[in-house]
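Here's a quick walk through one protein model, meant to be read with the structure open beside it.

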Amino acid sequence: MSKTTVLVVEDEPSFVEALTVGLGREGFEVVVATDGVEALEKFDEVGPDIVLLDVMLPKLSGIDVCRLLRQKSRTPIIMLTAKSAEIDTVVGLEVGADDYVTKPYRVRELVARMRAVLRRAESNEPLDVAASGIIEVGSVRIDPDAHLALVDGQEVTMALKEFELLHLLLANAGRVLPRDTLIQRVWGHDYVGDTKTLDVHIKRLRSKVEVDSAAPTRIVTIRGLGYKYERG
Ligand code: CA
């Protein structure tokens, strides 16, 4: 798996150093910009997964940088503010940041906020569903054009909704798919039926793709969220 790249925009050398060391230790790839103009340049250059953005910056303020980034990107942004009064200003201005952290912060707390924002961004991303093309994850393979599903090389018959659900799960293997998303994508936006329908279909799918459907290792339940197909 590739590292998560974080763009740290901060002009205070001591903060830059602490973040570079602390975030590096947490497994992040750290890219630093020390003023607002450099922040925009580095953003275009590296395409970070998340941005930590100080409010008070030389050349261009963090607020302006945030606004400019939001015009072209939905990349998560966490604002770093010197005092809580600044947070109120930033929130009031609705610059489009995803979260706010007041200095001084603990790196551990900051990382927890970063991971939460990244998780949220991931579940809002458009889902991958190729209209056609064979998808294979581990020993499960589907051919959407032929409506064909193979498990360990053996053809498995499934109802249309089961097949669509498996297609969505496989196409997004490794990602948690929230229950609502699965219901909307498979049954449509106007679905008003029992939400148990999803669980019933998952159960049927498991009986077809799992080695032991009582102890699923492929289609796993993420409690309180939804389901994930393990990348195998
Ligand atoms: Ca500053």
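Predicted model: local features only at pLDDT ≥ 70, side-chain atom pairs only at ≥ 80, totals over all residues.

Residues are numbered from 1 along each chain as its sequence is written, and side-chain values use heavy atoms, with hydrogens and water left out.

The protein splits into domain 1 (4-123) and domain 2 (135-229), with bounds taken from an automatic or database domain assignment. Their centres, taken over C-alpha atoms, sit 37 Å apart.

Now for the sheet. Five strands make an open, parallel sheet in the order E2-E1-E3-E4-E5. At the edges are E2 (29-33) and E5 (99-102), each pairing on one side only. Helices (H or I, at least four residues) and strands (E, at least two) are DSSP runs numbered from the N terminus, and two strands pair if DSSP finds at least two bridges between them. On average, neighbouring strands are turned by 20° against each other, direction ignored. E4 (residues 77-81) runs parallel to E5, and four bridges join them; Met-79 stands opposite Tyr-100 in E5.

A contact means heavy atoms within 4.5 Å; axes are lines fitted to C-alpha atoms, for helices over the stretch in contact, and angles run from 0 to 180 degrees between N-to-C directions.

| Helix | Strands touched | Angle with E2 direction |
|---|---|---|
| H1 (residues 13-25) | E1 (5-9), E2, E3 (50-54), E4 | about 165° |
| H2 (residues 36-46) | E1, E2, E3 | about 145° |

Next, the metal. Asp-11 (OD), Asp-54 (OD) and Met-56 (O) coordinate the calcium ion at 2.1 to 2.3 Å, and the donor residues are spaced D-x42-D-x1-M in sequence. Donors are N, O and S atoms within 2.8 Å of the metal (3.2 Å for Na, K and Ca); water is not among the atoms, so sites may look incomplete. Asp-54 counts as buried because its relative accessibility is 3%, whereas Met-56 counts as exposed because its value is 56%. Buried means under 20% relative accessible area, exposed over 50% and partly exposed in between (1.4 Å probe, protein chains only).

Last stop: helix H7 (residues 179-187), whose buried residues are Thr-181, Leu-182, Ile-183, Val-186 and Trp-187. Their cover includes helices H6 (160-171) and H8 (196-209), plus strands E10 (176-178) and E12 (226-229). Just after H7, Gly-188 takes a positive phi of about 100°.
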